[in-house]
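Please keep the sequence and the model in view while reading.

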Amino acid sequence: MRSEPSGAGPGRRKPLISGNWKMHHTHLEAIQVVQKLSYRLRPADYGAVDVSVHPPFTGLRSIQTLLDADRIPISLGAQNCHWEDQGAFTGEISAAMLAKLTVAYVIVGHSERRQLFAEDDAAVARKLGAVMRHSMTPILCVGETLEEREAGSAQTKVESQVEAALDGVSADQVGALVVAYEPIWAIGTGRTATAEDAQTMCAAVRSVVARVAGDGPAGAVRVQYGGSVNVTNIAELMAQPDVDGALVGGASLDPDTFARIVQYREDG
Ligand code: PGA
């Protein structure tokens, strides 16, 4: 069933490995984690892999200052944003505010946002637009539930999420974004998708991009796998031709572990 769009072969895209800290680490802890991470990562690592960290909002300014002052080539990421630039939205943070903090990547539509905070495809699409409008890169999260996988509708679900999010996005912009395929049953459960399933689903994401935006953007878009990524499974996942990186939750909280994940090429 797999169709690989022309021009979308392996080895053309620089991998992106992102640490999604969720609601963990105060700004003081976040500083320590990034410092330790920077001691462990070497120029060759940054040459081979783009790395981003996504602290809670309260840590962004501190980490921005640290990355800047010590010239650490880790990209700053956020976990969410609002689609309006400003307004009466108590408790929300806008993409415009994140851009001012030199945030490079914003996670959009994480399954925890979709499930626990009732974000629908329409909200996700608006957030995606806001992130791009402010010249940041969205990490668009898609993924199926266990019931959907067991019912055989995983691919349909993921394809429809990608299509809904990309509606109205120009072909150029589509090529620049990152999509994270994260099966919900694999998030925080210790149960990872097999490398083969991850490949099939990441290839399916790329096929949707080819269909809506053409082969150029499909070959350029980076597709991450997320869901219980750790030091033991990263190399096999990264060996798949359509897996261009990983969105790492629990295993990114510890700088030693996260550094080893980024250095997956050495562990195999
Ligand atoms: P996990 O989380 O690595 O802890 O499974 C991944 C994610 O939710 O992005």
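Helix axes are lines fitted to C-alpha atoms over the stretch in contact, and the angle between two helices runs from 0 to 180 degrees between their N-to-C directions. The structure to which this is applied here is a predicted model.

With that convention, consider helix α6, which spans residues 121–133, and its packing against α8. The axes of α6 and α8 are 8 Å apart, and the angle between them is about 50°. That angle makes α6 oblique to α8, since angles under 35 degrees count as roughly parallel and those from 65 to 115 as roughly perpendicular. The handedness of the crossing of α6 and α8 is right-handed.

Helix α8, formed by residues 154–166, also packs against helix α10, formed by residues 195–213. Here the axes lie 10 Å apart and the angle is about 40°. The arrangement of α8 relative to α10 is therefore oblique. As α8 passes α10, the crossing is right-handed.

A further pair consists of helix α1, residues 27–40, and helix α13, residues 255–262. Their axes come within 9 Å of each other and cross at roughly 40°. It follows that α1 and α13 are oblique to each other. Where α1 passes α13, the crossing is right-handed.

Attention may now turn to the ligand. Which residues come nearest to the ligand, of the 13 around it? They are Lys-22, His-110, Glu-182, Gly-188 and Ser-228. By class, the shell around the ligand comprises four nonpolar, seven polar and two charged residues.

At Gly-188, a polar backbone atom is 2.6 Å from an oxygen atom of the ligand. For Ser-228, a backbone N or O atom lies 2.8 Å from an oxygen atom of the ligand. Gly-250 likewise places a polar backbone atom 2.8 Å from a ligand oxygen atom. Of the 280 Å² of accessible area that the ligand has on its own, the protein covers 95%.

Terms used: Residues are numbered from 1 along each chain as its sequence is written. This is a predicted model: local features need pLDDT of at least 70, side-chain atom pairs count only at pLDDT 80 or more; totals for chains, interfaces and linings use all residues. Side-chain values use heavy atoms; hydrogens and water are left out. A residue is near a molecule or strand if one of its heavy atoms lies within 4 Å of it. A polar contact is a pair of N or O atoms within 3.5 Å; within protein, one must be able to donate a hydrogen and the other to accept it, and residues adjacent in sequence count only if both atoms are side-chain atoms. Accessible areas come from the Shrake-Rupley method with a 1.4 Å probe; for residues, only the protein chains shown count as cover. Ala, Val, Leu, Ile, Met, Phe, Trp, Tyr, Cys and Pro count as nonpolar, Asp, Glu, Lys and Arg as charged, and the others, Gly among them, as polar. Helices (H or I, at least four residues) and strands (E, at least two) are DSSP runs, numbered from the N terminus. Angles under 35 degrees count as roughly parallel, over 145 as roughly antiparallel, 65 to 115 as roughly perpendicular and the rest as oblique. A crossing is left-handed if the near helix is turned anticlockwise from the far one by less than a right angle, and right-handed if clockwise.
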